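This briefing covers an aromatic contact and a sheet. The topics are taken in that order.

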Amino acid sequence: MRLYAEHLEQLVEERTARIATLEKHRQQMEKLAALGELAAGVAHEVNNPLAGIRNAFALFRSSIDPEHEHFDLLDMVDREIERISSIVHQMYQLYRRNPQQPVDFSLANTIRDVLCLLEPVAGRRKVDLNVSPPNVTEILRLPEGEVKQVLINLVRNAIQASPVNSVVTIVVSSDPESVEIRVIDHGSGIDEKVLPHIFEPFFTTKGELKEGMGLGLAVSRTLVETMGGTLDVETEIGKGSTFRVVLPTVTAEDLS
């Protein structure tokens with residue numbers, strides 16, 4: 001009888017812990033939904049005047065003599081406009097009701113586009129970008145723009161986390177049903193106190209907005225999970241981090 005009572009008590013404790021975990025998860029989902037809806041609303045309101053600013057600036061810039069003593073400052077203004085545009089885009093992606101439609105595309109071409117886009121960022125930090133194997137052959141049927149956005153976020157983060165004269169590597173492997181993409185850096189790693197929060201919206205350890213608002217990883221996980229995949233991380237202090245994306249080769253709709 002005593003053993004039965006102890007067993008019953010253990011079951012109650014396990015069930016109580018499970019309920020508490022589910023309730024915490026529910027509250028987190030509600031928080032993410034509220035933050036996402038707010039972010040989408042702000043992004044929508046900012047995007048229209050931002051487009052006007054960008055167009056007006058382009059006209060203004062074309063009228064300035066390149067020999068003007070302050071012409072180089074226009075590049076700085078242009079970069080800041082693009083940075084604001086990037087932040088707005090990420091805020092919108094955090095809560096988007098109309099995801100992109102899947103298309104057939106070459107993963108190799110998408111990775112090439114991502115590396116081409118981020119090569120200047122890596123160059124300024126003296127970080128090399130490598131792909132393994134060099135000849136990626138996978139063809140996916142997914143929203144290509146969303147896959148590209150995830151890779152841009154992860155590779156940019158890896159570059160920012162990397163020391164000078166180091167390497168960021170993208171490793172691709174696959175089976176008939178899924179493809180795995182790992183983005184590996186050799187930075188300082190992620191502190192265990194920070195690790196549980198890195199996928200939360202607006203969480204950042206970078207200190208200044210010039211390095212981001214803490215939306216990249218939250219957006220990336222949202223996009224990956226919307227496509228039916230997973231995004232997780234392995235990290236070791238002093239050795240670096242590996243962000244691992246697993247995606248289905250086709251969408252769930254195509255399988256049904």
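In this predicted model, the charged end of arginine 221 is placed over the ring of phenylalanine 199, at 3.8 Å from the ring centre. Phenylalanine 199 also takes part in an aromatic pair with phenylalanine 243.

**Aromatic pair**

- The structure contains one aromatic pair.
- Phenylalanine 199 belongs to the loop between β5 (178-184) and α5 (216-226), while phenylalanine 243 belongs to strand β7 (residues 240-248), so the pair ties together parts that are 44 residues apart in sequence.
- Phenylalanine 199 and phenylalanine 243 are both buried.

**Sheet**

- Five strands form an open sheet in the order β2-β4-β5-β7-β6, and the pairing is mixed.
- The edges are held by β2 (127-132) and β6 (230-236); each has a single partner strand, so one side of each is left without a neighbour in the sheet.
- On average, neighbouring strands of this sheet are turned by 15° against each other, direction ignored.

**Strand β2 and its surroundings**

- Six bridges join β2 to strand β4 (residues 166-174), and the two pair in the parallel sense.
- Opposite aspartate 128 stands valine 167 in β4.
- Helix α3 (residues 107-124) lies across β2, β4 and β5.
- The helix α3 runs at about 170° to β2.

Methods
Residues are numbered from 1 along each chain as its sequence is written. This is a predicted model: local features need pLDDT of at least 70, side-chain atom pairs count only at pLDDT 80 or more; totals for chains, interfaces and linings use all residues. Side-chain values use heavy atoms; hydrogens and water are left out. Rings of Phe, Tyr and Trp (its six-membered ring) pair if their centres lie within 6.5 Å; planes under 30 degrees apart count as stacked, over 60 as edge-to-face and the rest as tilted. Helices (H or I, at least four residues) and strands (E, at least two) are DSSP runs, numbered from the N terminus. Buried means under 20% relative accessible area, exposed over 50%, partly exposed in between (1.4 Å probe, protein chains only). A charge sits over a ring if NZ of Lys or CZ of Arg is within 6 Å of the ring centre and within 35 degrees of the ring normal. Two strands pair if DSSP finds at least two bridges between them. Axes are lines fitted to C-alpha atoms, for helices over the stretch in contact, and angles run from 0 to 180 degrees between N-to-C directions. Contact means heavy atoms within 4.5 Å.
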